[in-house]
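Trainee: I would like a close look at one part of this structure. Please take it step by step.

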Amino acid sequence: MSIIPSTLFGGRRSNIFDPFSLDIWDPFQDFPFTSAAISAPRSELAGETSAFANTRIDWKETPEAHVFKADLPGLKKEEVKVEIEEGRVLQISGERSREKEEKDDTWHRLERSSGKFLRRFRLPENAKLDQVKADMENGVLTVTVPKEAVKKPDVKAIEISG
(Lines give C-alpha, C1' and ligand atoms only; values in the text may rest on other atoms or scores of the structure.)
Protein backbone atom coordinates (compact mmCIF):
# COMPACT_ATOMS: atom_id res chain seq x y z
CA MET A 1 0.00 0.00 0.00
CA SER A 2 1.23 3.45 -0.88
CA ILE A 3 1.55 6.14 1.75
CA ILE A 4 1.49 8.92 -0.84
CA PRO A 5 -1.80 9.10 -2.72
CA SER A 6 -1.45 9.02 -6.49
CA THR A 7 -3.61 12.13 -6.76
CA LEU A 8 -0.87 14.11 -5.02
CA PHE A 9 1.12 14.03 -8.23
CA GLY A 10 -1.82 14.43 -10.59
CA GLY A 11 -2.49 10.70 -10.86
CA ARG A 12 0.64 10.22 -12.95
CA ARG A 13 1.54 6.64 -13.67
CA SER A 14 5.02 7.37 -14.97
CA ASN A 15 7.95 5.62 -13.41
CA ILE A 16 10.67 8.11 -12.49
CA PHE A 17 13.24 5.38 -13.08
CA ASP A 18 12.06 4.70 -16.65
CA PRO A 19 14.82 6.02 -18.95
CA PHE A 20 12.40 6.30 -21.88
CA SER A 21 9.98 8.67 -20.16
CA LEU A 22 10.81 12.36 -19.98
CA ASP A 23 7.57 13.69 -18.55
CA ILE A 24 7.69 17.41 -18.00
CA TRP A 25 6.11 17.97 -14.64
CA ASP A 26 5.81 21.26 -12.85
CA PRO A 27 4.95 20.77 -9.16
CA PHE A 28 3.82 24.40 -8.95
CA GLN A 29 1.51 24.38 -11.98
CA ASP A 30 -1.66 24.60 -9.86
CA PHE A 31 -0.37 27.39 -7.63
CA PRO A 32 -1.19 30.90 -8.87
CA PHE A 33 1.75 32.96 -7.59
CA THR A 34 1.28 36.19 -9.49
CA SER A 35 -0.52 38.97 -7.68
CA ALA A 36 -3.03 39.24 -10.55
CA ALA A 37 -3.84 35.54 -10.23
CA ILE A 38 -4.24 35.76 -6.46
CA SER A 39 -6.66 38.66 -6.72
CA ALA A 40 -8.66 37.08 -9.60
CA PRO A 41 -11.84 35.20 -8.74
CA ARG A 42 -11.55 31.43 -9.03
CA SER A 43 -14.01 31.38 -11.95
CA GLU A 44 -11.54 33.41 -14.04
CA LEU A 45 -8.73 30.96 -13.31
CA ALA A 46 -10.84 27.92 -14.19
CA GLY A 47 -10.34 28.53 -17.90
CA GLU A 48 -6.64 27.81 -17.60
CA THR A 49 -7.03 24.42 -15.98
CA SER A 50 -4.12 22.05 -15.74
CA ALA A 51 -6.04 19.06 -17.12
CA PHE A 52 -5.12 19.95 -20.70
CA ALA A 53 -1.55 20.74 -19.69
CA ASN A 54 -1.28 17.18 -18.38
CA THR A 55 -2.52 15.50 -21.54
CA ARG A 56 -2.40 11.76 -21.04
CA ILE A 57 -0.61 9.74 -23.68
CA ASP A 58 -0.54 5.96 -24.00
CA TRP A 59 2.67 4.32 -25.29
CA LYS A 60 2.63 0.71 -26.38
CA GLU A 61 5.27 -1.35 -28.10
CA THR A 62 4.33 -3.91 -30.72
CA PRO A 63 6.75 -6.22 -32.52
CA GLU A 64 6.85 -3.73 -35.41
CA ALA A 65 6.59 -0.28 -33.79
CA HIS A 66 6.19 2.04 -30.81
CA VAL A 67 2.68 3.52 -30.87
CA PHE A 68 1.69 6.69 -28.99
CA LYS A 69 -1.99 7.69 -28.61
CA ALA A 70 -3.25 10.97 -27.18
CA ASP A 71 -6.84 12.07 -26.66
CA LEU A 72 -7.07 15.66 -27.93
CA PRO A 73 -10.80 16.33 -28.26
CA GLY A 74 -11.74 19.43 -30.17
CA LEU A 75 -8.28 20.03 -31.63
CA LYS A 76 -7.50 20.12 -35.34
CA LYS A 77 -4.35 18.57 -36.71
CA GLU A 78 -3.05 22.07 -37.47
CA GLU A 79 -3.11 22.85 -33.72
CA VAL A 80 -0.86 19.89 -32.82
CA LYS A 81 2.88 19.60 -33.43
CA VAL A 82 4.83 16.31 -33.53
CA GLU A 83 8.63 16.62 -33.64
CA ILE A 84 11.73 14.47 -33.27
CA GLU A 85 14.41 16.36 -31.38
CA GLU A 86 18.10 15.66 -31.15
CA GLY A 87 18.83 12.83 -28.75
CA ARG A 88 15.97 10.62 -30.02
CA VAL A 89 13.26 12.62 -28.23
CA LEU A 90 9.68 12.55 -29.50
CA GLN A 91 7.89 15.79 -28.62
CA ILE A 92 4.11 16.23 -28.88
CA SER A 93 2.76 19.73 -28.23
CA GLY A 94 -0.13 22.02 -28.98
CA GLU A 95 -2.57 24.52 -27.61
CA ARG A 96 -6.32 24.82 -27.17
CA SER A 97 -7.45 28.42 -27.17
CA ARG A 98 -9.79 29.73 -24.55
CA GLU A 99 -13.33 30.34 -25.85
CA LYS A 100 -14.00 34.00 -26.55
CA GLU A 101 -16.22 35.74 -24.05
CA GLU A 102 -18.95 37.93 -25.44
CA LYS A 103 -20.06 41.04 -23.58
CA ASP A 104 -23.57 39.72 -22.89
CA ASP A 105 -22.51 36.17 -21.90
CA THR A 106 -22.97 34.87 -18.38
CA TRP A 107 -20.84 31.84 -17.58
CA HIS A 108 -22.21 29.41 -14.99
CA ARG A 109 -19.48 26.75 -15.30
CA LEU A 110 -16.12 26.79 -17.03
CA GLU A 111 -14.71 23.25 -16.78
CA ARG A 112 -13.32 22.45 -20.22
CA SER A 113 -9.61 22.86 -20.19
CA SER A 114 -7.56 25.17 -22.35
CA GLY A 115 -3.94 26.14 -22.67
CA LYS A 116 -0.72 24.61 -23.90
CA PHE A 117 0.50 21.07 -23.52
CA LEU A 118 3.89 19.49 -24.10
CA ARG A 119 4.95 15.88 -23.66
CA ARG A 120 8.37 14.40 -24.39
CA PHE A 121 9.50 10.78 -24.69
CA ARG A 122 13.02 9.45 -25.21
CA LEU A 123 12.83 6.82 -27.92
CA PRO A 124 14.84 3.61 -27.69
CA GLU A 125 17.77 2.84 -29.97
CA ASN A 126 15.70 0.55 -32.22
CA ALA A 127 13.37 3.37 -33.36
CA LYS A 128 13.45 4.31 -37.05
CA LEU A 129 13.36 8.08 -36.67
CA ASP A 130 13.15 8.75 -40.41
CA GLN A 131 9.89 6.77 -40.76
CA VAL A 132 7.71 8.30 -38.01
CA LYS A 133 4.07 8.81 -38.99
CA ALA A 134 1.33 10.79 -37.26
CA ASP A 135 -2.43 10.61 -37.82
CA MET A 136 -5.29 12.52 -36.21
CA GLU A 137 -8.79 11.09 -36.35
CA ASN A 138 -11.83 11.94 -34.21
CA GLY A 139 -9.71 13.83 -31.68
CA VAL A 140 -7.20 11.01 -31.20
CA LEU A 141 -3.59 11.56 -32.24
CA THR A 142 -1.70 8.39 -33.15
CA VAL A 143 2.07 8.56 -33.64
CA THR A 144 3.71 5.41 -35.00
CA VAL A 145 7.47 4.97 -34.72
CA PRO A 146 8.61 1.85 -36.63
CA LYS A 147 11.31 -0.35 -35.07
CA GLU A 148 14.43 -1.88 -36.55
CA ALA A 149 14.04 -5.59 -37.24
CA VAL A 150 15.66 -7.68 -34.55
CA LYS A 151 18.47 -9.68 -36.04
CA LYS A 152 18.56 -13.24 -34.84
CA PRO A 153 22.07 -14.43 -34.10
CA ASP A 154 23.45 -17.02 -36.46
CA VAL A 155 23.49 -20.40 -34.80
CA LYS A 156 26.29 -22.71 -35.78
CA ALA A 157 26.35 -26.26 -34.57
CA ILE A 158 29.64 -27.28 -33.00
CA GLU A 159 30.65 -30.89 -33.01
CA ILE A 160 31.49 -32.24 -29.59
CA SER A 161 34.66 -34.29 -29.51
CA GLY A 162 35.46 -36.85 -27.02
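Trainee: Where is the place of K147?

Mentor: K147 sits in the segment after β7. Strands here are DSSP runs marked E of at least two residues, and helices are H or I runs of at least four, numbered from the N terminus. Before the details, two notes on the source. This is a predicted model, in which local features need pLDDT of at least 70 and side-chain atom pairs count only at pLDDT 80 or more, while totals for chains, interfaces and linings use all residues. Residues are numbered from 1 along each chain as its sequence is written, and side-chain values use heavy atoms, with hydrogens and water left out.

Start with K147 itself. K147 counts as buried because its relative accessibility is 12%; buried means under 20% relative accessible area, exposed over 50%, and partly exposed in between, with a 1.4 Å probe and protein chains only. Its side chain makes a polar contact of 2.6 Å with the side chain of E61. A polar contact is a pair of N or O atoms within 3.5 Å; within protein, one must be able to donate a hydrogen and the other to accept it, and residues adjacent in sequence count only if both atoms are side-chain atoms. A polar atom of the K147 side chain also lies 3.0 Å from the backbone oxygen of T62. Setting aside neighbours within four places in sequence, the residues in contact with K147 (heavy atoms within 4.5 Å) include E61, T62, P63, E64, N126 and K128.

β7 is mostly covered, with five of its seven residues buried. It pairs with β2 in the antiparallel sense over seven bridges, where two strands pair if DSSP finds at least two bridges between them. Within this pairing, H66 has V145 of β7 as its bridge partner. β7 also pairs with β6 (residues 133-137), again antiparallel, over five bridges. There, V143 in β7 is the bridge partner of A134. The hairpin of β6 and β7 has two residues between the strands, and N138 in it takes a positive phi near 55°.

Strand β1 (residues 57-61) runs antiparallel to β2, and five bridges join the two. β1 and β2 form a hairpin with three residues between them. W59 stands opposite F68 in β2.

That brings us to the aromatic rings. The whole structure has three aromatic pairs. Rings of Phe, Tyr and Trp (its six-membered ring) pair if their centres lie within 6.5 Å; planes under 30 degrees apart count as stacked, over 60 as edge-to-face and the rest as tilted. W59 and F121 form an edge-to-face pair, because their planes are at 80°, with ring centres 5.8 Å apart. W59 lies in strand β1 and F121 in strand β5, so this pair ties together parts 62 residues apart in sequence. W59 counts as partly exposed at 27% relative accessibility, whereas F121 is buried at 4%. The rings of F68 and F121 have their centres 5.2 Å apart and their planes at 50°, so that pair is tilted.
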